[in-house]
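Subject: Structure handover

Hello,

Here is the structure I promised to pass on. Please open it first, then read my notes below.

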Amino acid sequence: MEQNENIENQNTAINDNEASAAAEQTQANANSTNVKEESGNSRRARKKRSERHMEEMNQKVEQMGMKLAEMNDKYMRLYSEYENYRKRTSAEKAGLILNGGKDVIKLMLPVIDDMERALANMADDDTAKEGMQLILKNMLNALQQKGLKPMEAMGVKFDENYHEAITQIPALDPQAKGTVIDVVKKGYFLNDEVIRFAQVVVAN
């Protein structure tokens, strides 16, 4: 009888141990499941954070690209404006250099006219004529170095871009119509620009 009770106690203890072990295993399994779930949740959270970070970085890169394009456009506009300004000022300086004495040369043209008329009216044996011719030649050479050039008008077709017709006379030859037959006042160029129109008589 006592032996049976010991056996039953042993069986009860074994069953209790097995139940306890089963309970522990169940708890361990539950803990493992919870750990796996937490681990999965943690990975998903990290993935979402990484995706948000990448999206923010892409937005920043896009914004920086737009700012860079805007700055480059402003730079190109500024550079273009500077180049235009530089070319314009260079052209103005060149014009000033070429035509800087334009007003002075214009004032000299009537003096040249007077000297040429005086020479035309002087006798060939006049002792002063040779000296005046030399003075006029030197003056014209100096002015030519500054770009002054006399205009050839006699015998050419009338051109309103170069000539000023002060009178017209009937043409003796039909082929001479519209031709300059007399030059009253010489025309001049200054660096290929008309500084004074030639005053002419035209056959009509």
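Asn191 is partly exposed, because its relative accessible area of 30% falls between the cut-offs of 20% and 50%. This is a predicted model, so please read every value here as computed from it. Asn191 sits in the loop between β4 and β5. Its phi is positive, about 55 degrees, although Asn191 is not a glycine. Most residues other than glycine have a negative phi.

Asp192 belongs to the loop between β4 and β5 as well. Here too phi is positive, near 70 degrees, and Asp192 is not a glycine either. Asp192 is exposed, with a relative accessible area of 67%. In the hairpin of β4 and β5, two residues lie between the strands.

Now the strands themselves.

β4 and strand β5 (residues 193–196) run antiparallel and are joined by three bridges. Across that pairing, Phe189 stands opposite Val194 in β5. On another side of the story is β1, which also runs antiparallel to β4, again with three bridges. There, Pro150 faces Tyr188 in β4.

Which order do the strands of the open sheet take? The order is β1-β4-β5, three strands with antiparallel pairing. β1 and β5 are the edge strands, each pairing on one side only. On average, neighbouring strands of this sheet are turned by 40 degrees against each other, direction ignored. Helix α2 packs on the sheet and touches β1, β4 and β5. The direction of α2 makes about 55 degrees with that of β5.

Next, the cores.

The largest nonpolar core has 13 residues. Those with the most contacts inside it are Ile105, Leu109, Ile112, Leu143, Leu148, Tyr188 and Ile195. Which of the elements gives the largest share? That is α2, with five residues.

Leu109 is worth a click. Leaving aside residues up to four places away in sequence, Leu109 touches Leu148, Tyr188, Ile195 and Arg196. There is also a second, separate core of seven residues. Among them are Met151, Phe189, Ala198 and Val202.

Then look at Asp113.

Asp113 is found in helix α2. Is Asp113 buried or exposed? Asp113 is buried, because its relative accessible area of 8% is under 20%. Not counting residues up to four places away in sequence, Asp113 touches Lys185 and Arg196. Arg196 is also on the list of contacts of Leu109.

On to the aromatic rings.

How many aromatic pairs are there? The count comes to two. The rings of Tyr75 and Tyr79 have their centres 6.2 Å apart, within the 6.5 Å cut-off. Their planes meet at 25 degrees, so this pair is stacked. Tyr75 and Tyr79 are four residues apart in helix α1 (residues 2–99), so about one helical turn separates them. Tyr79 is partly exposed, with a relative accessible area of 42%.

The other pair is Tyr162 and Phe189. Their ring centres are 5.8 Å apart. Why does this pair count as edge-to-face? The planes stand at 70 degrees, and over 60 degrees counts as edge-to-face, so the pair qualifies. This pair links distant parts of the chain, 27 residues apart. Tyr162 is in the loop between β1 (148–150) and β2 (163–169), while Phe189 is in strand β4 (residues 188–190). Tyr162 is partly exposed, with a relative accessible area of 34%. Phe189 is buried, at 16%.

Finally, confidence.

The protein averages a pLDDT of 84, and 78% of the residues score at least 70. Where is confidence lowest, and where is it highest? The lowest is in α1, at a mean of 75. The highest is in strand β6 (residues 198–203), at 95. The stacked pair of Tyr75 and Tyr79 lies in helix α1.

Over to you.

Best wishes

How values were computed
Residues numbered from 1 in each chain as written. Predicted model: local features only at pLDDT ≥ 70, side-chain atom pairs only at ≥ 80, totals over all residues. Heavy atoms only, no water. Phe/Tyr/Trp six-rings, centres within 6.5 Å; stacked < 30°, edge-to-face > 60°. Buried < 20%, exposed > 50% of the residue type's maximum accessible area, 1.4 Å probe, protein only. pLDDT = per-residue confidence, 0-100. Core = buried A, V, L, I, M, F, W, Y, C linked by side-chain atoms within 4.5 Å. Contact = heavy atoms within 4.5 Å. Pairing = 2+ DSSP bridges. Axes fitted to C-alpha atoms, helices over the stretch in contact; angles between N-to-C directions.
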